[in-house]
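Student: Could you take a close look at one part of this structure and describe how it sits in its surroundings? A single connected account would be welcome.
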Amino acid sequence: QMQQATHPFTRAAPTGRRIAVVGAGPAGLACAHRLAMKGHDVTIYDAQDKAGGLNEYGVAAYKLADDFAQHEIAFVEQIGGITVQPGHKLGRDMTVASLTAAFDAVFLAFGQSGVRALALDNEGLPGVLNAVDFIGQIRRSPTKADVPVGRRVVVIGGGNTAIDAAVQAKRLGAETVTLLYRRGTETMSATVEEQTWARNNDVLIRTWAAPTALTATPDGAVAVTFTRGRAVDGRPVYDGAPFVLEADMVLKAVGQLVMDEPAQIGGPAIRTEGGRIAVDAFGRTSEPRVYAGGDCTAGEDLTVAAVRDGRNAAETIHADLSAVKEN
């Protein structure tokens, strides 16, 4: 549909209602587009300099070619009634309270902007990086030649981000890339296809290895100590012999959080569950006129699920605003 000369959707007559969408990823874009179809005016705020969310910054460059995320945003904007404001961070440039005061409704779709730590000493050593930041650095670089990569790379994690970071590091010239996961391959969130893809790109995957220490070596590398684990009655037990891998670059991919500081969103105390925003079946949060969807809420961390959340929340917002108008 993005290849068509004319936009396949039409915009309803303007309603005069204004909705703020926080996050220009799949959930935010889907919500904004559906709201614009209904005739509402939508302003999308995104913390990054370029909108697009994980499709722009968090997915390996080889998976989304031809500037896909930016084409997607241009397609969404074609319907009219949508304004995109990049470089606007929730908690810094605006809060939930300020948005609810200025708009008729707010849809939160800022994804998972925090990164889970290993909770080890020396995590701030040079060469120890968040995998998602490494991927974003590659996506921002026009040539990729200016992105530093270690000769020996260790990736810690078992999800798609870990796989993406490992494959990217290998393709950028790393001699050895070892991905280590604390349990067996059957519990990795990366699919079997992703795991095979990594191995086909000469990434060594080692399982049942839990990181227990980070230390600097005399030559400026990082020594990562792992303890071997095993399953006992279906539960992981780490009582095996330790082993050490030296690396010039350690990429952490052990999961993301909604925010490093939930209070950064400002305004009312929106209810959370398991570190994510709690919503009902229709995308409503505990705060009136505030809705949420995508990775910042509990559910599947899939693009198709985020798009569904955005679309469904838009329908809820439209219904709620229409009910207010009728009353």
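Tutor: A residue is called buried under 20% relative accessible area, exposed over 50% and partly exposed in between (1.4 Å probe, protein chains only). The model is predicted, with local features needing pLDDT of at least 70, side-chain atom pairs counting only at pLDDT 80 or more, and totals for chains, interfaces and linings using all residues. Residues are numbered from 1 along each chain as its sequence is written, and side-chain values use heavy atoms, without hydrogens or water.

Of its 12 residues, 10 are buried, so the rest of the structure largely encloses α1. The buried set opens with Pro26, Ala27, Gly28, Leu29 and Ala30, and continues with Cys31, Ala32, His33, Leu35 and Ala36.

Just after α1, Gly39 adopts a positive phi of about 100°. Positive phi values also occur in residues other than glycine, including Ala119, near 65°, and Asn122, about 70°. Ala119 belongs to the loop between β5 (114-115) and β6 (128-130), and the loop between β5 and β6 also holds Asn122. With a relative accessible area of 71%, Ala119 is exposed, whereas Asn122, at 42%, is partly exposed.

Terms used
Helices (H or I, at least four residues) and strands (E, at least two) are DSSP runs, numbered from the N terminus.
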